[in-house]
Each structure stands twice: as C-alpha cells, then as structure tokens.
Protein chains: 2
Amino acid sequence: MRSSQLFTKTRKTIPADETARNAQLLIKAGYVHKMMAGVYAYMPLGKRVLDNIAAIIRDEMNAIGGQEVQMTALQPKELWEKTDRWDDKKVDNWFKTRLANGVELGVGLSHEEPVVDSLRPFVDSYRDLPLYVYQIQPKFRNELRAKSGLLRGREFIMKDMYSFARTQEQHMELYERVAAAYLRVFERLGIGESTYRTYADGGYFTEKFSDEFQTVSPIGEDTIYVDENKRIAINKEIYTDETLAKLGISKGDLVEKRSVEVGNIFPLESKYSDALDLYYTDETGEQQSIIMGCYGIGVSRLVGMIAEHFADEHGLVWPENIAPFRVYLIRLESNEQIIRTADALYENLQSAGIEVLYDDRDARPGEKFADADLLGIPHRVVVSAKTVEQGVFEHKLRTESAKSMRNMESLKNVLTTGA
Amino acid sequence: MRSSQLFTKTRKTIPADETARNAQLLIKAGYVHKMMAGVYAYMPLGKRVLDNIAAIIRDEMNAIGGQEVQMTALQPKELWEKTDRWDDKKVDNWFKTRLANGVELGVGLSHEEPVVDSLRPFVDSYRDLPLYVYQIQPKFRNELRAKSGLLRGREFIMKDMYSFARTQEQHMELYERVAAAYLRVFERLGIGESTYRTYADGGYFTEKFSDEFQTVSPIGEDTIYVDENKRIAINKEIYTDETLAKLGISKGDLVEKRSVEVGNIFPLESKYSDALDLYYTDETGEQQSIIMGCYGIGVSRLVGMIAEHFADEHGLVWPENIAPFRVYLIRLESNEQIIRTADALYENLQSAGIEVLYDDRDARPGEKFADADLLGIPHRVVVSAKTVEQGVFEHKLRTESAKSMRNMESLKNVLTTGA
C-alpha cells in the first residue's frame, strides 16, 4: 500500500484524557481511534494487526479441531436467569438494553450460556462428544473505570472457546490440548519466550486450579512467581506454602516477576451444561452430565499489550508475524530515477508476497524516518540518490540501529529468511 | 471436514415461532441458531457462508481502493446529537444502554457519525481526498417486528462503506465506481443475472435519486419495474410519469417484477461532514464542505436471501462461490475397500484445494442423500460398492437430477472447471 493512499497519518496530539501508554502510542501512530473511555475503533493499520493476531489464533484453534461459530451480542434474559448470571447483584458489569416492547435484553459480556443453548439441538449422545466450539467477536463489559487503554476495554474483541467432554478424563485431554495450542499461539505472536503457563485460582467453578498465560513484562500489573526451568509460574493470589506443597514446587526455584495476563483457561465442571439442561446419554443409556472447559484470549488486549510491551522511545515495534506490513519503504528526494527505482522495488516485493507500506509522500526525510519508527514496521528500506548510484538498497531492522547496503537478492533474502 | 467432526446435524424440528422460510431452512440444515426474533447465531456451516460472502465483498471493496476499518457498537450520545439522530423521536430504532455511572450510550445502528468522527484527525487538506472507508461488522436495530428471518434482523452483519470527495463531480466518480463494484459482487455471489440497479427515492438527504440493487425473485417484498435491455429498474415508490420523463425511460420498456433489495447506495451530500465539523482546505486556502456517499450491503441478509431464493423442495441450493463446501462426499456401506477409496478421494480433493464435507457417518443411504440435498452443497460425489467395482465415482450437481460416472481425472475436471 502507498502511504499516499492510506488515510491515517501519525499524529502530534492525542486526546488529553488518554492516560494508557498502549492507547497513546496506537492513537499517535493512527492505529486506533478513541470513541470513549474503553472503546476504541480500529483504523486500517490497527485492523490489520487485529486480523493478523486473529488469524494466528484461528489457525491454532482449527488445528486442534475447533469449530468456529459466531454468537450474537443481544442476549435473552431468560437464558442467563437459568444460570443465575442475570441479576446485576450477581454479575455487576452487564450492559443491558430493551426491545421496543420493553422486554429487557443483555449485551453479551460472555457466551457460555448462548453456546450451550446453541448445542442443545445437536448434542444428546456420547457419539456427539467431545467437541470444541469457538468464536472471535466483540464482548461488552460495563467496567466502572476504563483507564488501561486496550488492555481492559468496555468493548473488546475476544477469542472464546468452549470444550464439551463426556468425562473428567476426556475433559483433561481437551484442556491440555488447548494449553499446548495457546503456547504455540504466543510463540507465533512473538511473546513465546516471555509467556508462562501460570497456576491461578479456580474461582467460582472448581476446587482445581485454573491456568493463566502470563507474559513477563515491565508493564505488568500482575505478580507471578516463575520457575524458569520448568517454564511454569504461580500467580501471587495463590502463592502459599500449602499450594506450593500441593504442586510440588519449591520456593527456591521461583523468581518474582511482573506480568500481563494474555490468556486463561478454566475448568467449568458441569455448571452451565446442567443448568441449561444439556446432557448426553452414555453407552448404557444413562443420562450423564457434560464437563465443560472455557478458554479465552483477548485479541484486542493483545494488540495493546504487544504494542506497549515492545515499544521504545521512538514508537511501536511489531513482531514480524503481526505487523500491519513487513516493510516500510522510503524514497528520499523525488527525482525521476529514485521514483522509478522505488516504484519498481515496491512492485517487485508485492509480487513476491511481501507486504510493503511505501512512503511515496513528498515529505522531509526526517519526517519519513520518524514515521517509520513510530509505526513500528519490522523492516525499513531506503531508496536514495546514494543507493541508486551504488545499485543497492539500504536495509535496517526496527529493532536494531545498524544499517546495511544490499542488492535485490540479498534484500529479498533478509525479508524472507531473516538472513 | 468429516461430518463426524461437525457438531451440527440436520434437524427435524425447528422453533414453532419461526415463520420465515429462509430461517426455517437455515435452522433445519443447522446453519444458524435462533437466539430470539431477529437475532441469529451462526453455526459452523452458516459462519462459512457468511465469511465467503464477506470475502467477496471485501475483495471488491479493496479493488476500488476501500480501506477497511472496524467501528464500535457502543456509541457516545454527544456524537449523534450533533446530527440530530439521537432523539428516539427522530430515529425510532435505537437500542440504548447506560454506563455504570448512568451515562446513556447507543448501540450502533449505523456508522456515519463515528466514521466521520474518526477521520477528523486525518483529513484537512484537498490532498487528503478522495477516500473510501468501509467495514464489515454487526449492526443493531430495534425493529418493532422481526418476522423475516435473516432478511431483517435486530442484530445483523453489514458491509457499510463511506466515500469522501472534494466536489460533486468527484463524488459522482466515486459513486459510480462503487455501483460497478456492486454489480461485480452480485455476479460473484451467483445473483448477477437477476439483480438490477434500481432508481429509488433519495429520501432525506438529497433531491437526487438513490440507487438500490434489487434481485428479481418470487420471494421479493418489493415491486420494481425492469427495463431488461438497459438492465436497470425503477422502484414502485417513485414510479410516476414525472420520474420516467426525468429519467428518459419509456413505460413500454418496463415490466413489473417482485424483488428483494440486496444493496443500496446513497448520496449524503455534506449533511454529516458539515454537522461534525469535517471540512477540507482547497488549493486556494478556502474551507470547503466534503461530499459524502454511503454504500450498504447486508451480509447476513444475503445469507437469508440467497438461501430462500435458490431453495427447492429438498432444501438449500448454494451458488458455488459461497457454499460452505464445494463437495458433499458420501460413502455408502462401510466395508474396508469403500472406506479406503472414499478416504483417499477425500484426501486427494482436499490436497487439490477443493473443500469437501465428507459424510463418513454410519447412517442409512437415504439419510445421507437427504442431508446432501438439505445442506445444498453444489457437488455430490458417491463412493459405493458399484463405483468401486467400476473404478469410478458417481457425480451429481445439486441443481440437476442427472448423475454421471467419472474417473478421478474427469471428476477433478468437473470440480475445478465445471466441465
């Protein structure tokens, strides 16, 4: 894409009420637009990052047999009363609305109830299980405060998966398969090394632990205790001698770290399936409860988290797999030969399937370099009088200060293989 | 995908309150789940059709320079007060909700206001125009009645595009470019031949006409007058001698038809841009109004419309480009050789990039054939004792009753080239 055809620009000023660094950066770079506190619209570059993250998650959920659906935001009250999650005294962050005839509706804050409801016509025998259902779509939560930018929104994009198993044993197989898929997701997102499967409180549903996926980061709001060798961690909430003994972890192996939660997985037992009358008949004709798990990844939260985690004093720094473009191509000066060379390189890379944001504007060099940094595209390539004269291109990684002069072959190499 | 791994099944019974034929069919075939009147969740097959339609629309919008964004459902009251579209007396189908602190919010029924608002940081010079912005996401409309299934939902998926031009002349260029793209979209969706660009009332915004895209169909609720030669039509609403004279169309060339609206495009003049203080500075330094257009296609409406339009007494009949799978592969009987042959064909077609729903269930032949028809997959392929013996496959189109025996090469030919 040519910069001249991208309607967003980098911004000097941002809304005065925006205090979260992730949102400040993303607004400054033109990735998002703030509609109100905790509610952000995605501009073209932000939409590309969001879609790239969603595509990786979708790919890994499909690989373990996840079946994609799309639930609705509008929710009937009756469904949530059955699980006792309608009353504002029980669940305090509903957005509620009304039909024209006065009937009260909810605006989906989660989707356990509708997913279970949607399975009722299809699941009744042991032959129908196990299964995974997932979706990637907006959630709405009426948070009292929303000051963390994209890390905790009132409207946000989430991947939520639900597993349905015949037995506890089968449930544990499904659960572990998702845990492994989650580690692959975070690896592909570029935060694999710093992300740990973390024991956390099972909460309302179970006496077991739940699992969080926590990324160690200076921007973290959580505290975890990491065992580097085992590559696991324990959330501070449950960091007691009793828990450590139960888990067979010794205090001496643990290091305290700050971290950000990037995913969580929960055993739900049969709370929702029982309440909504979803059972199965086993091989002997007996009716049995269905054991559920639920598995969340905040997609828009990851946009904010990754933005803030990797950013430096010059702006955003996207990991290769989720950057809106792989290459930021700058042409310096506007003489005919430079334009022709840069245009040809742009076409050449695009044809090779390498996505390029081509800064074809008549702007000052300093402005172009600053934008390249602020936007955080992984590779910067410059075409100038000097490079044209030498028949090469100047290449620089966003994460490094060293530049190198490369001919076309060498440039394509570094863009495709990283070498 | 194997049927045994698809959690949905065809259904014998559907909700008693469902009176719309499109929803009845889609529920029976397991494509959608009814949450409440006018609110449908997409099950895996329905989600695939929805995504296929969206992909075609996205492709054509990108081809004319559309930039994809994603607006939010939650909307601040202040924004809509500026265009006088907040008051329920002015716009009577809002869903409204409240923040925990009592502040009233809207749940997005359209997105002119937020799109214009999101452009304000980026558009101020003639150099920033023209541009197209579009999105594909849910809309919410508080319809008093919702009895048309997916044709008129309370929550539905829509593609809405907005154009921004310097002058009326430039606006008309953008407008006509979208009109041409719309015809390509409907062509690719399989309803090109029966879809007409149709003059309609300009409504609130303009003294000009707006344009609808109407598909001639027995299920239509609208009446249009079609000029087959010019491939245009006129909506009954504006079918007067005066209009005909204005448009230079003679009554004798027109035939009355029933039709369904599948898209519409509107000149918005500068109503929203002026009200929301979005102007540009021209070459001479003068501030100028921005001329907008808006362009809608109901994506989920198209799922329902195409379902009902093509269905026959046996069930759904999807056009090739949007079917959830290209091939419904049936294996009859379960002896080892048949299973091996069908498995190999399944792998072979999948490797060739042909998407197959493989009915690997141990079910009666009649049930499998009935499901193939109800699901509406374009190509049916059968592997049976007879075909294995002859070293061939039985092929049948959903739209035809004739079967043919084909070897692998011939089968692949018909699946890829249609020959």
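Strand β1 (residues 32-36) of chain B runs antiparallel to β2(B), and the two are joined over 4 bridges. Strands here, like helices, are DSSP runs numbered from the N terminus, with at least two residues (E) for a strand and at least four (H or I) for a helix; two strands count as paired if DSSP finds at least two bridges between them. Within this pair, B:K34 sits opposite B:Y40 of β2(B). The two strands make a hairpin with 2 residues between them, and B:G38 in the turn has a positive phi of about 80°. Strand β2 (residues 39-42) of chain B is covered on both faces, with B:V39 and B:A41 buried on one side and B:Y40 and B:Y42 buried on the other. A residue is called buried if 20 or more other C-beta atoms lie within 10 Å of its own, exposed if 12 or fewer do, and partly exposed in between, with C-beta atoms placed from the backbone.

The structure is a predicted model, in which local features need pLDDT of at least 70 and side-chain atom pairs count only at pLDDT 80 or more, while totals for chains, interfaces and linings use all residues. Residues are numbered from 1 along each chain as its sequence is written, and chains are lettered from A and ligands numbered from 1 in the order in which they are written.

Chain A contains 12 helices and 21 strands. Its C-alpha atoms fill a box of roughly 80 × 60 × 45 Å along the principal axes. Of the 419 residues in chain A, 49% are buried. Two residues are in contact if their C-beta atoms, placed from the backbone, lie within 7 Å. Among contacts in chain A between residues at least 6 apart in sequence, 68% link residues at least 24 apart.

Turning to the pair of chains, chain A can be laid on chain B by a turn of 180° and a shift of 0.0 Å along the axis, with an RMSD of 0.0 Å. This is the relation of a two-fold axis. The C-alpha of chain A nearest the axis belongs to A:T97, at 2.5 Å. Both copies use the same surface, as 100% of the contact residues of chain A recur in chain B. The superposition is by least squares on the C-alpha atoms of residues with pLDDT of at least 70 in both copies.

In this interface, 46 residues of chain A are in contact with 46 residues of chain B. Elements of chain A that each supply at least two residues to the side touching chain B include β1 (32-36), α2 (44-63), β5 (95-98) and α4 (112-119). The largest share of that side, 4 residues, comes from β7(A). By residue type, the side of chain A that touches chain B divides into 27 nonpolar, 11 polar and 8 charged residues. In this count, Ala, Val, Leu, Ile, Met, Phe, Trp, Tyr, Cys and Pro are nonpolar, Asp, Glu, Lys and Arg are charged, and the others, Gly among them, are polar.

An open sheet of 3 strands in chain B has the order β4-β6-β5, with antiparallel pairing. β4 (74-76) and β5 (95-98) of chain B stand at its edges with a single partner strand each, so one side of each has no neighbour in the sheet. β5(B) pairs with strand β6 (residues 104-107) of chain B in the antiparallel sense over 4 bridges, and B:F95 has B:V107 as its bridge partner in β6(B).

Two helices complete the picture. In helix α1 (residues 21-28) of chain A, the buried residues are A:N22, A:A23, A:L25, A:L26 and A:I27. Their cover includes β1, β2, α2 and α8 (299-310) of chain A. A:G30, with a positive phi near 80°, follows α1(A). In helix α10 (residues 365-375) of chain B, the buried residues are B:D371, B:A372, B:D373 and B:L375. These buried residues of α10(B) pack against β17 (327-331), β18 (356-359) and β19 (379-383) of chain B.
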